Amino acid sequence: MTLGAASSITPATLRGLCRFLTNTLDNVSAFSDTNIDALLNLEQRLLQTEILQALNFDWKENTVDGSGSGSIALVDGDSTITFPTDMLQVDRVEVSYTGLTNSWVPATIVPLQAYSKGVLNNSEGAAIQGSHDKPIIHIRNKVFNLDPIPYQDVSGGLRVWGQTLITDLSDAGHEPVWEDAFHEIIAYGASNRWCAAKDMGGKADRLLTERAIKLQNMTEFYSMRVATEQPRLIPRHRSMK
């Protein structure tokens, strides 16, 4: 389901569905494209965080995978590496201190308090607690802090896998990144916000309930899509005595 053309009133588009759910098909200015788009994008970001919170590593629809923006240069003597893009979740980081073929090693991501030694004890390239074959990273203020410090420049010496922030919907052909069956969820959320702002409490509550049901269905879909075993239906035995 795409965002849809300006002033769309067809429920097959997100803009049109919002107007259908709020009974504004006959007066598109009552729920303008500008307001619809703003609320849809608020809902889109909220839904992304809700799905990540519920499923963690099972939902992978908006990722960076060790290439493109996920390939970052190491700079000699600089242990701080700014996030390459708006990262919501980091799944994995690999480092090559030499740039040689097959020299990649996984970095262990730890919280700052996990260091048993002083984090300021890294003068002149000294390692705090990691090593070149077992590097450590802690994340702070959208920055990877790498231990040990790189001792030479390496193009693309750090590779990142993870979830990135969803791009806002703005053009008519834009659509959410998740499965088509769940695109309409953000229209229900956006319409709920609009109705609540217009003191249409009953309708807002019904839309919120519908959104919750659809979110539950979406969560169950993604949690089962990567299941290692298929569920089995076992018929109940009935006694004819």
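A nonpolar core, as the term is used in these legends, is a set of buried Ala, Val, Leu, Ile, Met, Phe, Trp, Tyr and Cys residues joined through side-chain atoms within 4.5 Å. Buried stands for under 20% relative accessible area, exposed for over 50%, and partly exposed for what lies in between (1.4 Å probe, protein chains only). The model is predicted: local features need pLDDT of at least 70, side-chain atom pairs count only at pLDDT 80 or more, and totals for chains, interfaces and linings use all residues. Residues are numbered from 1 along each chain as its sequence is written, and side-chain values use heavy atoms, with hydrogens and water left out.

**View 1. The largest nonpolar core has 30 residues.** Leu-40, Leu-47, Trp-59, Trp-178 and Met-218 are the residues with the most contacts inside this core. Two or more residues each come from helix H1 (14–21), helix H2 (33–55), helix H3 (185–197) and helix H4 (201–225); helices (H or I, at least four residues) and strands (E, at least two) are DSSP runs, numbered from the N terminus. Another core, of 17 residues, lies apart from it and includes Ile-81, Val-93, Val-95 and Tyr-97.

**View 2. Helix H1 is mostly covered.** Seven of the eight residues of H1 are buried, and among them are Leu-14, Arg-15, Gly-16 and Cys-18. At the start of H1, a side-chain oxygen of Thr-13 comes to within 3.0 Å of the backbone nitrogen of Gly-16. After the helix comes Asn-23, with a positive phi near 55°. Among the elements of the protein, H1 has the highest mean pLDDT (98), while strand S1 (residues 63–65) has the lowest (87); pLDDT is the predictor's confidence in each residue, from 0 to 100.

**View 3. Four strands make an open, mixed sheet.** Their order is S3-S8-S7-S6, and strands pair here if DSSP finds at least two bridges between them. S3 and strand S6 (108–109) are the edge strands, each pairing on one side only. Strand S7 (residues 136–140) and strand S8 (residues 143–147) run antiparallel and share five bridges; Ile-139 has Phe-144 in S8 as its bridge partner.

**View 4. Ser-79 sits in the loop between strand S2 (71–74) and strand S3 (80–82).** With a relative accessible area of 14%, Ser-79 is buried. Leaving aside neighbours within four places in sequence, Ser-79 is in contact with Asn-122, Phe-144, Asn-145, Leu-146, Ile-149 and Pro-150.

**View 5. Six aromatic pairs turn up in a search of the whole structure.** Rings of Phe, Tyr and Trp (its six-membered ring) pair if their centres lie within 6.5 Å, and planes under 30 degrees apart count as stacked, over 60 as edge-to-face and the rest as tilted. Phe-31 and Trp-194 are stacked, because their ring centres are 5.0 Å apart and their planes at 25°. This pair links distant parts of the chain, with Phe-31 in the loop between H1 and H2 and Trp-194 in helix H3, 163 residues apart. Both Phe-31 and Trp-194 are buried. Tyr-97 and Tyr-151 are also stacked, with ring centres 6.3 Å apart and planes at 5°. Here Tyr-97 is buried, at 4% relative accessibility, whereas Tyr-151 is partly exposed, at 42%.

Technical notes: Contact means heavy atoms within 4.5 Å. A polar contact is a pair of N or O atoms within 3.5 Å; within protein, one must be able to donate a hydrogen and the other to accept it, and residues adjacent in sequence count only if both atoms are side-chain atoms.
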